[in-house]
Amino acid sequence: MRVLNALSAVYLLGASAFGVAIALQRNPELKRVAERAGQAAWPVVTQAAAYANERAIRPALARAVEADKAFFDAIDPPRIAKGAPRWARASVATDARTRAAAPIVAPSRTWPARPAAVVRHRPAMTLAPPAPAPGPSMTPAAGEVERVMERLKDNLTAEMLQNFGLFLYVSKADEGPWAQRMYVFRKRPSGDLDLLYNWPVSTGREADEIEPSGRLTSTHTPRGYYELDPNRFYVRHVSGEWRHPMPHAMFFTWIDHGRLTGLAIHGATKDDEPLLGTRASAGCVRLAPENAAVLFDLIRKDYKGLAPRFAYDRRTASMSNDGLLMHDATGHVKFADGYRVLVFIENYGGQNVVAAVF
């Protein structure tokens with residue numbers, strides 16, 4: 001405390017001297033009055049301020065910073081992330097014991113010098129465990145496939161099941177056995193569903209963030225039912241909002257409050273691949289690049305044709321994403337050229353609620 005009081009006094013003295021010097025510099029008339037009075041104020045004040053800064057203010061500030069760091073290091077020793085080299089963990093423990101035995105204002109030792117090569121490869125701290133590396137389609141147990149299929153069927157109307165041929169079930173949940181996965185089901189002529197693929201994905205980060213242009217935007221992946229826009233299939237594409245590559249992009253047809261949205265299914269970049277299995281996108285559904293290419297080619301090759309149209313609310317200028325289809329005056333479903341593919345996204349991770357209770 002004595003150091004801080006002394007530092008405050010010295011700082012105020014120096015600031016006052018500088019204030020006088022600035023006033024004389026910016027007011028030539030005041031400076032001339034002082035010089036005519038024979039006080040020679042300008043050179044004296046300038047030299048005094050420089051002397052005080054060099055000999056008193058800067059050394060006192062350095063000592064105060066050192067004492068403050070030693071104090072907080074003593075009550076809260078530095079921590080090392082899991083996976084750090086042994087020498088780093090050992091040095092922290094030794095350093096903590098040394099600081100505990102030494103006076104706070106004068107720690108008896110400092111951190112050991114670390115080789116540049118070790119620092120360069122030191123593991124970084126992460127907020128969540130890394131997701132497993134993407135690979136080929138996983139084959140879940142038969143019982144798990146049945147659960148996913150029944151969940152999907154329970155959320156499909158008879159009209160949906162009848163008029164679409166490929167169903168993409170996406171879980172945007174952040175936990176559970178189905179979390180951050182896409183299940184691709186193909187409808188057989190009999191009407192039954194077969195599981196074609198089971199892939200890890202990344203859905204939105206579920207937050208409002210600032211995009212590169214400086215605009216606040218949502219990174220949520222909205223739940224609901226979506227079709228794919230036949231006019232917006234791109235082998236190579238770059239996001240206009242995030243300036244981010246979107247290989248094999250397949251955009252939704254969803255119109256929200258008069259705006260054709262930029263939500264899509266697309267491949268992840270090399271840097272984003274390790275994040276598959278976690279909420280990491282700006283709202284789109286990301287796949288491993290090779291999986292996105294497989295899905296892209298499958299849809300364009302086998303599922304082009306007449307597809308049902310979702311209802312459109314003129315009052316809100318929005319297309320339904322609640323599964324409501326458009327009907328004509330006779331009650332029949334309206335169709336348009338497109339892809340017979342239905343995307344269903346929900347925030348459910350496949351947790352067995354009954355098993356969890358018991």
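The dialogue below takes up the pockets and then the salt bridges.

Q: What should I keep in mind about the model and its numbering?

A: This is a predicted model, in which local features need pLDDT of at least 70 and side-chain atom pairs count only at pLDDT 80 or more, while totals for chains, interfaces and linings use all residues. Residues are numbered from 1 along each chain as its sequence is written, and side-chain values use heavy atoms, with hydrogens and water left out.

Q: How much space lies in the largest pocket, and which residues lie nearest its centre?

A: On a 1 Å grid over the protein atoms alone, a pocket is an open set of points where a 1.4 Å probe fits, with protein on both sides within 12 Å along at least five of seven lines, and lining residues have an atom within 4 Å of a point. A volume is the space filled by probe spheres set on the points. Here the largest pocket holds about 580 Å³, and among its 29 lining residues Glu-241, Trp-242, Gly-262, Leu-263 and Ala-282 lie nearest the centre.

Q: Which strands supply the lining of the second largest pocket?

A: Strands are DSSP runs of E with at least two residues, numbered from the N terminus. In this pocket, of about 280 Å³, β7 (228–234), β13 (304–308) and β16 (335–339) each supply at least two lining residues, and β16 gives the most, with 4. The 17 lining residues include Glu-227, Arg-309, Phe-310, Met-319 and Ala-336, which lie nearest the centre.

Q: How many salt bridges does the structure hold?

A: Side chains of opposite charge can pair when their charged atoms come close. The criterion is a side-chain nitrogen of Lys or Arg within 4 Å of a carboxyl oxygen of Asp or Glu, and the structure holds 14 such bridges. In one of them, Lys-172 pairs with Glu-206, with the closest N and O atoms 3.5 Å apart. Lys-172 lies in the loop between β1 (166–171) and β2 (181–187) and Glu-206 in the loop between β3 (193–200) and β4 (208–210), so the pair ties together parts that are 34 residues apart in sequence.

Q: Is Lys-172 buried or exposed?

A: Buried means under 20% relative accessible area, exposed over 50%, and partly exposed in between (1.4 Å probe, protein chains only). Lys-172, at 9%, counts as buried, whereas Glu-206, at 21%, is partly exposed.

Q: Which residues are linked in a network of salt bridges?

A: Arg-188, Asp-192 and Asp-194 are linked in this way.
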